[in-house]
Amino acid sequence: MPRRTMIEAIRDAMDVSMRRDDNVVVFGEDVGFFGGVFRCTQGLQAKYGKSRCFDAPINESGIVGSAIGMAAYGLKPCVEIQFADYMYPAYDQLTQEAARLRYRSNGDFTCPIVVRMPTGGGIFGGQTHSQSPEALFTHVSGLKTVVPSNPHDAKGLLIAAIEDPDPVIFLEPKRLYNGPFDGHHGRPVTPWSKHELGEVADGHYTVPLGKAAIRRAGSAVTVLAYGTMVYVAQAAAEETGIDAEIIDLRTLLPLDLDTIVASVKKTGRCVIVHEATLTSGFGAELSALVQENCFYHLQAPVARVAGWDTPYPHAQEWDYFPGPARVGRALVETMEA
Amino acid sequence: MADAGMLRFHVPEPEVRPGGAPDFSNVTLAPAGSVPRPDIDVDPRTIRDMAFSIIRVLNRDGEAVGPWAGLLSSEELLEGLRHMMTLRTFDARMQMAQRQGKTSFYMQHLGEEAVSCAFRKALEPGDMNFPTYRQAGLLIADGYPMVTMMNQIYSNEADPLKGRQLPIMYSSKEHGFFSISGNLATQYIQAVGWAMASAISNDSKIAAAWIGDGSTAESDFHSALVFASTYKAPVVLNVVNNQWAISTFQGIARGGSGTFAARGLGFGIPSLRVDGNDYLAVHAVAKWAAERARSNLGPTLVEYVTYRAGAHSSSDDPSAYRPKTESDAWPLGDPVMRLKNHLIQLGVWSDERHAQAEAEILDTVIAAQKEAESHGTLHAGGKPSTREMFEGVFAEMPAHLRRQRQQAGV
Ligand SMILES: Cc1ncc(C[n+]2csc(CCOP(=O)(O)OP(=O)(O)O)c2C)c(N)n1
């Protein structure tokens, strides 16, 4: 099986989808001729022509708004917002229009769009290139939110998202674009070309939305993570020697609650890790769900490790970023509780 | 240069406020028939002045004059009159129903009937409108059943939208009427996207975007102009300037100079202004713009100069912010009366037939209302099931919603 970076896997997903379905169109800022600032769409315009892959004006509301109109017409737009930090001008279109079109028209019009956006920090991007806005989407009825953590999943999830009849927010952890990352910024990163999760099958396959994956089996404590934090959690488990079961959520909405509940009932402990700020983050929802569904099986309070409630700082990036040390501390405390 | 010292903040004000005498001296009207009708493939740079004049067909004597006249037969005009009268009657009945507590909310079109009724007749089946809440004439003129509209207004058991939408926020793909959003201006860029999709698909259908004067201040209006001009999208960009955005006069969105049509000039989009109370002029301009779009010549921006004679909505009291007599003073008159006079002038209509038509239309609307009310009104009779509330959020119901539906006991 060929090995690909997450960028190549994402590009391949669009390529496969565009080849299979003429209705799939791809556009966004710098997406056409140049292939996107992260090069995820490189070569698509040359292959499929300018009416299937093209550059958009720097106008996020326009990108999403026009995609909604295209979807209502019958196309399947897969658009790129250059960084998740720049989706705010499009937030109204995403949350009040895309999310509700099916419901408000009783299925008369639907909105099968995918909105891709690079998310998260760890690349010294400062406040406006590092945000993790997933909770702003999971709170909205009518949107699906996906966060892949490796090339294989990224391709399968993106194809599934493009084929999905509803709007999907596809958050790409840019820290993982070129390789997994264990949260130790000083340590060299294994590129995907040398990592087993870089194995990406050719052609069409899907990873179903709404299904989590168990990345590391364990019996002492359940760790719920997604995106970059899956690797940070793995590093923390190895470094503390705690027999943690690590669940990679992959899709935040719809959430695979069954996998979560089964694991926490087994381990009796739960640590939640995400990169977004703590307060009202998606971890709050996860924590509440674990309490509601596993209360009588819990042997320790549910713990959350997240970004601090500050804007994402530049120079202090690694103090902000929930690294293996912080996750490890939470694991130890949870085990001792 | 006077006053070079201290700066003063400027807030535009309308000419008059309640108690004052209405003044429309600032509305410069070109005489009917005086504005030329360029070919549809005209170089937009050569018709920039059309963004400042007003295309009019009907003159004071009810005659259709000039290069934009002569496109519609008497039968078509009689049909147009009937549509406008129907919309007006429909509005009156539904406004009353709202006052009687049969629904929560209503928005009428009084004085603006020509805009949507005439525009609809310039489109082909399969074209798509992205309307605001003041274009129900698009549905009426396309033969959408009034009973269905009322069912939606009443949120009753026969409401095609299952009680999920505010009254008057209709949706009908079949009738080229995109689902209305409560968020102003969002539909404008969506219309452009739809038009882009039609072009991408090498289709022949076009889109029409709709917005009010006040809402042109929203960024989505500007997004739409950028996308429409960049991709030469086959879309007609309509701006209905009815002078008021709730209590805010149009100068607040527009500033003190220029016109709404002139907003298109910076984008190289041919931009026209038309007398929105002149059925013939609206239809002719709509036809011109639609033909441009369909001939792959790109977008046209059309400003309909009209006046909202009624309240903004059933929750509004216009006497608090404008003179009561202002609508009577509006220099472009009443669209229904103007078309009626034209038809009389043509010898195909009379006061008697008009009165008779009014009575017939009222009967039809009342009959539709009775039928709709047999399915229930907002607070009485049949209503959509609570189960429906959980359906249709997604194509397939996810587990968490299924659990919530069970919790709700439906
Ligand atoms: C984004 C947004 N802001 C505010 C409102 C509240 N609102 C509803 S109608 C309206 C005035 C719109 O005026 P205009 O665009 O001129 O249209 P008209 O009502 O005159 O037809 C306002 C402010 C809204 N619905 N959406």
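Let us start with the contact, to which chain A contributes 40 residues and chain B contributes 43 residues. On the chain A side, the residues that lose the most area to chain B are A:Tyr73, A:Tyr103 and A:Arg104, and together they make up 24% of what that side buries. Between them, chain A and chain B bury about 3400 Å², and carbon and sulfur atoms account for 61% of that area. Please bear in mind that this is a predicted model.

I now turn to chain B. Its secondary structure consists of 13 helices and 7 strands. How compact is chain B for a chain of 410 residues? The radius of gyration is 22 Å and the globule rule gives 22 Å for 410 residues, so chain B is as compact as a globular protein of that length. Taken along the principal axes, the box filled by its C-alpha atoms is roughly 70 × 55 × 55 Å.

Next, the interior and the contacts within the chain. Of the 410 residues in chain B, 56% are buried. Among contacts in chain B with a separation of 6 or more, 75% come from residues 24 or more positions apart.

Finally, the surface and the charges. Chain B exposes about 16600 Å², and 50% of this is supplied by carbon and sulfur atoms. Chain B carries 38 positive and 45 negative charges.

Thank you for your attention.

Terms used:
Residues numbered from 1 in each chain as written. Chains lettered and ligands numbered in written order. Predicted model: local features only at pLDDT ≥ 70, side-chain atom pairs only at ≥ 80, totals over all residues. Heavy atoms only, no water. Helix = DSSP H or I, 4+ residues; strand = E, 2+ residues; numbered from the N terminus. Rg over C-alpha atoms; globule rule 2.2 N^0.38 Å. Buried < 20%, exposed > 50% of the residue type's maximum accessible area, 1.4 Å probe, protein only. Contact = heavy atoms within 4.5 Å. Areas by Shrake-Rupley, 256 points an atom, 1.4 Å probe, with all protein chains shown as cover. Lys, Arg positive; Asp, Glu negative; His and termini not counted. Charge placed at Lys NZ, Arg CZ, Asp CG, Glu CD. Buried area = accessible area lost by both parts, 1.4 Å probe.
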